[in-house]
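Subject: Structure handover

Hello,

Here is the structure for you to look over. My notes on it follow below.

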Amino acid sequence: MAGAGAGPGGETLLRVRGLRMRFAGGTAALDGVDLSVGPGELVIVLGSNGSGKSTLLRCISRLLHPTGGEILVAGQNLSRLEGAALRRARQALGMIFQHGNLVRRRSVLANVVSGSLGRHPGIRTSLGLLPAGEVPAALGYLREVGLEHLAQRRASTLSGGQAQRVAIARALAQRPRLLLADEPVASLDPEAAEEIMRLLRRLAKEDGLGVLCVLHQPELAVRYADRIVGLQHGRVLFDQPAGELAEAPIDRLYEAKTQAQAA
Ligand SMILES: Nc1ncnc2c1ncn2[C@@H]1O[C@H](COP(=O)(O)OP(=O)(O)OP(=O)(O)O)[C@@H](O)[C@H]1O
């Protein structure tokens, strides 16, 4: 039987084992984290401020170098790679941040095409050149997020929800197998937040991507996740199917924080 994190064929896109991150000042932000994400799965990480959620995503994408443990992405051990081999392996990971991080003075289409640049290492981006052959595919990704009609708009004119959908299209242009989303709805109104969560879920269910998403909204997590991972003080407190998760374990994630704030 396929376990948590395994796709229908038993394939696991992301497997994290014993991940540790101790910062130079001595803070142990991650203290032996295990988790996995399979194709077609949306896994949401919850936890109070400082529990290690962003550090987890930054270690998985190797923006940070973890101090221990293993990160396997589509069978490749990212924790042991460096240089060009690491850059190639990271192509399988698409990143989505809290603020879309678009280049505001460029068009929506140019932003999306730029997501494909990792596959065109020879292109002189400093001259503003983009691979024209990627335009039809980029328009397809914009269609997928419902914004093809805004392709020629300047990115600076978009609403927060539109900018986040363009950022997702840009991540798709990289042709990833796994999306890592760090609080993708934090700065959006409730309706735009629902739209982004629906989109992430559709990309998992219809396109078979694995999605690992950090959220601060337990109610969204319960409604959209396949599994919810609760992180506390850099450790996994629970990892359960969303439909089987009672309120108590979620409340416990935020309890220590509430008590500390009240004291
Ligand atoms: N570059 C750094 N240097 C030292 N300590 C850090 C660094 N980045 C994060 N930390 C510490 O690691 C711990 C985890 O931080 P992290 O940002 O991963 O938490 P988080 O769960 O994402 O929090 P939030 O919900 O507020 O975004 C915190 O104690 C934080 O102060």
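What is the strand order of the open sheet of four strands? The order is 2-1-4-5, and the pairing is antiparallel. Strands, like helices, are DSSP runs numbered from the N terminus, with at least two residues (E) for a strand and at least four (H or I) for a helix. Two strands count as paired if DSSP finds at least two bridges between them.

Before the rest, two notes on the source. This is a predicted model, in which local features need pLDDT of at least 70 and side-chain atom pairs count only at pLDDT 80 or more, while totals for chains, interfaces and linings use all residues. Residues are numbered from 1 along each chain as its sequence is written.

Strand 2 (28–37) and strand 5 (76–77) are its edge strands, each pairing on one side only. Strand 5 is joined to strand 4 (residues 68–73) by two bridges in the antiparallel sense. Within strand 5, Gln 76 is the residue opposite Val 73.

Ligand. The residues around the ligand are Phe 23, Gly 25, Thr 27, Ala 29, Gly 47, Asn 49, Gly 50, Ser 51, Gly 52, Lys 53, Ser 54 and Thr 55; the criterion is a C-beta atom, placed from the backbone, within 6 Å of the molecule. Helix 1 (residues 53–60) gives the most to this shell, namely three residues. By class, the shell has nine polar, two nonpolar and one charged residues. Here Ala, Val, Leu, Ile, Met, Phe, Trp, Tyr, Cys and Pro count as nonpolar, Asp, Glu, Lys and Arg as charged, and the others, Gly among them, as polar.

Helix 4. In helix 4 (residues 135–144), the buried residues are Ala 138, Tyr 141 and Leu 142 (buried: 20 or more other C-beta atoms within 10 Å of the residue's own; C-beta atoms are placed from the backbone). Seen down the axis, these buried residues fall within an arc of 100°, so they line one face of helix 4; the arc is that of the directions from the helix axis to the C-beta atoms. Just after helix 4, Gly 146 has a positive phi of about 80°.

Domains. An automatic or database assignment sets the domain bounds, and the chain is divided into domain 1 (11–92 + 176–262) and domain 2 (99–175). The contact takes ten residues from domain 1 and eleven residues from domain 2, contact being C-beta atoms, placed from the backbone, within 7 Å. On the domain 1 side, helix 6 (residues 190–207) has the largest share, four residues.

Regards

Terms used:
A residue is buried if 20 or more other C-beta atoms lie within 10 Å of its own, exposed if 12 or fewer, and partly exposed in between; C-beta atoms are placed from the backbone. Two residues are in contact if their C-beta atoms, placed from the backbone, lie within 7 Å.
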